[in-house]
Amino acid sequence: MSEGTSMVMESSENGTDLSQDDTGTIVEMPEATILSQQTSVNLVPFIGQRFISQDAAYEFYCSFAKQCGFSIRRHRTRGKDGVGRGVTRRDFTCHRGGYPQMKLSDDLKMQRNRKSSRCGCRAYMRIVKRADFNVSEWRVTAFSNIHNHELLKANEVCLLPAYSTITPDDKARICMFAKAGMSVRQMLRLMELEKGVKLGCLPFTEIDVRNLLQSFRNVNRDNDPIDLIAMCKKLKDEDPNFQYDFRLDGHNRLEHIAWTYASSVQLYETFGDAVVFDTTHRLDSYDMLLGVWVGVDNHGKTSFFGCVLLRDENIQSFSWGLKTFRGFMKGKAPQTLLTDQNMWLKEAIAIELPETKHAFSICHIISKFSDWFSVLLGSRYDEWKSDFYRLYSLEQLEDFEEEWREMMDKYGLHDNKHIISLYALRMFWALPFLRLYFFAGLTSLCQSETINAFIQRILSAQSQLDRFVEQVAEIVEFNDRAGSKQKMPRKPQKVCLKTGSPIESHAATVLTPYAFGKLQEELLLAPQYASFVVDEGCFEVKHHTQMDGGCKVIWILCEEQISCSCRHFEFSGILCRHVLRVLSTNNCFHIPNQYLPSRWCMNSSPSTNPSRNAMREHSEKIQLLESMTSRLIAESIETEERLDVACEQTAMVLSRIKDLPRSTKTANDIVYNCPSDLVLPEVEDTDGIVQSFTMETSHEPLTSVKLKDRRPRDGIDMTRKRRHFSGSCCGQFEHDSSDCPIMGVDNLNGDALGYM
């Protein structure tokens, strides 16, 4: 490529340039009319370049564009969120790409249109989603740096709207200056002196600052915090199981507030073993940190547990939020907790949740790699990143330590501050240190993207603070309804068995489709491994291509206990391919009950979750009862008359069971007659062999289907009016929320709660 010509690159896998459909109307131009500029940027996008997310690719291309003298915009996508694999392709184009479209008014008359900057520029970068090293990545498949317009100089490009951004720290400074009575010009001059930049070289202009101050004035900061507490009070009156707590500072202003819903508390009882606490977002209009507690249910769907708004980002604020959340959940702490790499939050968790295993989300760490290492490593960056993924996914601590030293030597990173910090905190992010703890798949990048999408929906509800709690409730209710559709009893469906293994058939009767799919992945890989007897009850399992190494499986047959050195079951709750290989090799045709965790089972429900001991003791009869229940529901939902009869008869059976005395007999002392004509759903394997077993199970008590409308409603209004709230609302005034002067006022006003 000559010095006076920009470059155009296109991936061979696409085979097409930016089409007319992609950019609007494109007019071919001779190369002589194309104006271009050589860039001094060290990093130029190239075919095959990889990014961890769309946002990372956007930030990189944005930095490149800024140094070249133009800005970019998101233009075209392929695929839709929530359908299939989601968005699989994204185009970023020059801000002057395409042509403006004339607007028509309602009476079909042409409207006056402002002059547009679009001139059909064809500069763009295309990224496509790929899976590499079991991690989804975005790769550059097309790049063009041809412009048909003049590129701006360094002192001009900062004036483009895309780069006129004000950071949260600068917003806080501007707000403080405004309270001190400074003029906008004084603010700008002072910030130029603080940052050591030339006059007029801030990344924002006077107009941007004035617009920001106007947006602050439009926010009713005096009344919104009062209305927020009033909204929580109203929801508490309507639903006694709704929980919230708040804290006032020394000036009687709202400092922190946290809340959760009744459905969230029920979900937490069953699925609160592994939790994500996301604190990476803020409500900019109110300058408050937003913290969201979420998890994953037995169907792999995001479960909402609670929300918190914090005024400050420090140990005291995080400690208050964690303590309040634990109080909402009846003192139950999660087994594992995933957060971003926040040192204040890390210290607060160590104080408030000492028994919880704290870990850092890997997606937040690797999203920073491009900034940390791309310039330092240059062309070796992709190779280093693949080595890092391999290190991250290792199974043994010794292998990690040894290969980490080799990586440092290979790339000369001994003195790099980011590498030193990562190694010092390796117990919080590296899988070899986390495999002993149950994370329910929350460490995967795919699950992180799902949770982030859910949180983005919550952020979209921040228009008014007083309506925020109610709008979040609507989002949570919609999410719960979407998840409950998978749990509703349906007609028996055929499930494809891919291996024909009895273990696979057994698992399909117990696990949810989500968990069964995870186990099925391990079953498909198990035949690739060889099993060798090392000692009595000890096996060595390794891939057929491996000469050395492998995993050690210990199987105590008399106690039906089996474990693997890879710790996959302890980490995910799903048996690994090594254990499955040993079981199948030694003629074991079912999975022991203790290795089918109740949180992944179809009968796992927030409202009804039998104890594990009872499940183990009466497992066969419970499975039979589940099969009968599934068949009962399948037959009953055919007509309204059948459903009414089933509800009435089931209610009578439940009433009769409750009247029977409780027995301490064991399972061997109870005689149970199995009906011989029980028909179960059909399952078809890949060979066309039809097998029968139960696939669907009810997730709610049968009496809740139709009998809810028949319950007497006397006394409900009185119950709803009762409020019970425990815990301190503000330490400054030595009272709690039950007798708080703010809570006791029905008509809250600006005098009751100070300026926020």
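# Salt bridges, helices and surface

Me: What does Glu 313 count as, at 32% relative accessibility?
Reply: Glu 313 counts as partly exposed at that value of 32%, where buried means under 20% relative accessible area, exposed means over 50%, and partly exposed is in between (1.4 Å probe, protein chains only). This is a predicted model, in which local features need a pLDDT of at least 70 and side-chain atom pairs count only at pLDDT 80 or more, while totals for chains, interfaces and linings use all residues. Residues are numbered from 1 along each chain as its sequence is written, and side-chain values use heavy atoms, with hydrogens and water left out.

Me: Which side chain does Glu 313 meet in a salt bridge?
Reply: The side chain of Glu 313 meets that of Arg 282, with an N to O distance of 3.9 Å; a salt bridge here is a side-chain nitrogen of Lys or Arg within 4 Å of a carboxyl oxygen of Asp or Glu. The pair links distant parts of the chain, 31 residues apart, with Glu 313 in the loop between strand 11 (302-310) and helix 9 (315-328) and Arg 282 in strand 9 (residues 274-283). Helices (H or I, at least four residues) and strands (E, at least two) are DSSP runs numbered from the N terminus. Arg 282 counts as partly exposed, at 24% relative accessibility.

Me: How many salt bridges does the count come to?
Reply: The count comes to 24 salt bridges. One of them joins Lys 129 to Glu 449, whose closest N and O atoms are 3.7 Å apart. Because Lys 129 lies in strand 5 (residues 124-132) and Glu 449 in helix 17, that pair ties together parts that are 320 residues apart in sequence. Lys 129 is buried, with a relative accessible area of 17%, whereas Glu 449 is partly exposed at 32%.

Me: And what separates Arg 210 and Glu 206 in helix 6?
Reply: Arg 210 and Glu 206 are four residues apart in helix 6 (residues 206-218), which means that about one helical turn separates them. The closest N and O atoms of their salt bridge are 2.7 Å apart. Arg 210 is partly exposed, with a relative accessible area of 43%, and Glu 206 also counts as partly exposed, at 26%.

Me: Which residues are linked in a network of salt bridges?
Reply: Glu 383, Asp 387, Arg 390, Glu 403 and Lys 410 are linked in such a network.

Me: Changing topic, which residues of helix 20 are buried?
Reply: In helix 20, the buried residues are Ala 515, Phe 516, Leu 519, Gln 520, Glu 522 and Leu 523. Seen down the helix axis, they fall within an arc of 160 degrees, so they line one face of helix 20; the arc is that of the directions from the helix axis to the C-beta atoms. They pack against strand 14 (496-497), helix 19 (502-510), helix 21 (568-572) and helix 22 (577-585), with contact meaning heavy atoms within 4.5 Å.

Me: What about helix 25, how far apart are its end C-alpha atoms?
Reply: The end C-alpha atoms of helix 25 are 29 Å apart, which agrees with the 28 Å that its 20 residues should span at 1.5 Å a residue, the expected span being 1.5 Å times one less than the number of residues. Leu 643, Ala 646, Cys 647 and Thr 650 are buried in helix 25. They cover an arc of only 100 degrees around the axis, which puts them on the same side of helix 25. The face turned away from that buried side carries the exposed residues Glu 641, Met 652, Arg 656 and Asp 659.

Me: Which residues form a nonpolar patch on the surface?
Reply: Val 653, Leu 654, Ile 657 and Leu 660 form that patch, with about 350 Å² of accessible area together. Patches are made of residues with over 30% relative accessible area and no salt bridge, like charges being joined within 9 Å and nonpolar side chains (Val, Leu, Ile, Met, Phe, Trp, Tyr) within 5 Å. Accessible areas come from the Shrake-Rupley method with a 1.4 Å probe, and for residues only the protein chains shown count as cover. Val 653 is found in helix 25 (residues 640-659) and counts as partly exposed, at 47% relative accessibility.

Me: Where is Ala 440 found?
Reply: Ala 440 is found in the loop between helix 16 (431-434) and helix 17 (445-459). Phi of Ala 440 is near 55 degrees, a positive value in a residue other than glycine, and Ala 440 counts as buried at 1% relative accessibility. Asn 587 also has a positive phi, of about 60 degrees, but counts as exposed at 55% relative accessibility.
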